[in-house]
Amino acid sequence: MPDGASEYGMDCGATDLLAEHGAQPSTKNGNRDRDADHCEEWYDGEGEGEDNEDMEEEFREADDEEDVIGSGPQPSEPASPAAGANTVPHGGPGKVRSTIAKWLYTDYKDMCERLKNEMRRNISGKPNCYDGGQFIINPPAPIFEASRRYQLSPQIFQRPRYFVWLPHLFHCIPCPPCKLASRTRKDGGAVMLCLLSWPRMPRRVTDIEANIFIIGQRYYCGDERCRRTYQSWSKAILDAIPQSLAAHFTYSLTFRSGLTDRLVALLRSCFQRGMGPSPFAEMIRTFHIRRYELLHIQYLEMVKTRAQFATTGILALHRPFGTWADVDGYAGFVPSQSYFRAFYDALIEKHAPEIDQHMAMLPADILSIDHSFKVD
Ligand SMILES: [Zn+2]
């Protein structure tokens, strides 16, 4: 039983969260999960061509955990993205959304496999990064990998940073609606969520100078009356686990995208001091491009040291590094100013009652009255 299970005062059930990855019920009538559908696309707004519908959709209350599973087979591993495509139709005729880059999908799949093997191998049952006290898996500095190979590839300079969010390794997770309805198992214990599979795609969130990709876990409720599925990063799960653990999930997610808390803090600070959404978006984009350019320079410097081998034919010619936004290369992305503006609006609306309360509690040091006798 994972540590801390007794915090709930419940018996987790030996088979619940310790079930093998990929014990697989599937969606009713063969339909794919709604959360999985949602996961197969990313928010792609970069320019100013977004309409209000886009923003409303992005900032609506996330309901990706409201799925119901049925019976039948379902693949335990992430499904392949559409062959040869980085986009899928969405939102009506002619509307296209970006999906995961193929190289990133391969990297993600390899990382899931690596985590699975680590959890199986380690005595703790946790991945190496957890045993090392980290949620983050940082890519190695390119020079270490480059020193082990003669032929350089831009890909070793473009490896993503992952945040591994597997809260079931710390605590058994009670099913939120079953807990609300006071449902219990046959033995009287609380209904706990079980492992379902890896999400089909990682969740991309934007940080100050790069993007971070969250690797989560999909759970399902085995109770016949419920059968819901959840992503480990969904609000329902973050609310269901102890806040001491949930506090380590330092990301603010919207429907398909998200920002790190660091970036949100910077956004709030800039907006409160007069910097608007447009210069803010431009500033973040500049930070991201700066990092890309530093990596590009590192690549070119290393290529230069191998240039004589390439000209004599010992090595093949090196591939161009590609552009910042090249979806098959660096795949740079920064949300648009509309996104940042809508994010801040949503943040203020969420905290409006607290702001009103604070305003109401301020002392009336200065009162003024105008000729209409209204008190300001
Ligand atoms: Zn349930």
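**A walk through a predicted protein model**

Hello everyone! In this protein, confidence is lowest in strand 1, residues 26-27, with a mean of 40, and highest in strand 6, with a mean of 97. I start there because what we are looking at is a predicted model, and where pLDDT is low, the predicted coordinates should not be read in detail. On average the protein has a pLDDT of 78, and 70% of its residues score at least 70.

Over residues 1-40, pLDDT stays under 50, and the model has 87 contacts beyond four places in sequence for them. Residues 66-96 also stay under 50, and for these the model has 64 such contacts beyond four places in sequence.

Now the overview. How many helices and strands does the protein have? There are 12 helices and 13 strands. The protein has 376 residues, and 32% of them count as buried. If we take contacts with a separation of 6 or more, 72% of them join residues 24 or more positions apart.

Let's go inside. The largest nonpolar core holds 36 residues, and Tyr-162, Val-164, Trp-165, Ile-214 and Ile-215 have the most contacts within it. Several elements each supply at least two residues of this core, among them strand 6 (161-164), strand 9 and helix 12 (337-361). Which helix gives the most to this core? That is helix 3, with 5 residues. There is also a second, separate core of 17 residues, which includes Cys-172, Cys-175, Val-191 and Cys-221.

Please find Ile-215 on your screens. Leaving out residues up to four places away in sequence, Ile-215 touches Met-111, Cys-112, Tyr-162, Val-164, Trp-165 and Pro-202.

Next comes Gly-216, in the loop between strand 9 (211-215) and strand 10 (218-221). Is Gly-216 buried or exposed? Gly-216 counts as buried, because 22 C-beta neighbours lie inside 10 Å, and the cut-off for buried is 20 or more. Its contacts, again without residues up to four places away in sequence, are Trp-165, Pro-199, Arg-203, Gln-231, Ser-232 and Trp-233. The C-alpha atoms of Gly-216 and Val-164 are 6.3 Å from each other, although these residues are 52 apart along the chain.

For a contrast, take Leu-253, which sits in strand 12, residues 251-253. Leu-253 counts as partly exposed because it has 19 C-beta neighbours inside 10 Å, and buried would need 20 or more. Along the chain, Leu-253 and Phe-59 are 194 residues apart, and their C-alpha atoms are separated by 9.2 Å.

Let me finish with two helices. Helix 10 has 29 residues and reaches 43 Å from its first C-alpha to its last, close to the 42 Å expected at 1.5 Å a residue. Which residues of helix 10 are buried? They are Pro-277, Ala-281, Ile-284, His-288, Tyr-292 and Tyr-299. The buried residues of helix 10 pack against helix 12.

Helix 9 has 12 residues, which should span 16 Å at 1.5 Å a residue; its end C-alpha atoms are 16 Å apart, so the two agree. After helix 9 comes Gly-274, with a positive phi near 100°.

How values were computed:
Residues are numbered from 1 along each chain as its sequence is written. This is a predicted model: local features need pLDDT of at least 70, side-chain atom pairs count only at pLDDT 80 or more; totals for chains, interfaces and linings use all residues. Helices (H or I, at least four residues) and strands (E, at least two) are DSSP runs, numbered from the N terminus. A residue is buried if 20 or more other C-beta atoms lie within 10 Å of its own, exposed if 12 or fewer, and partly exposed in between; C-beta atoms are placed from the backbone. Two residues are in contact if their C-beta atoms, placed from the backbone, lie within 7 Å. A nonpolar core is a set of buried Ala, Val, Leu, Ile, Met, Phe, Trp, Tyr and Cys residues joined through C-beta atoms within 7 Å. pLDDT is the predictor's confidence in each residue, from 0 to 100. The expected span of a helix is 1.5 Å times one less than its number of residues.
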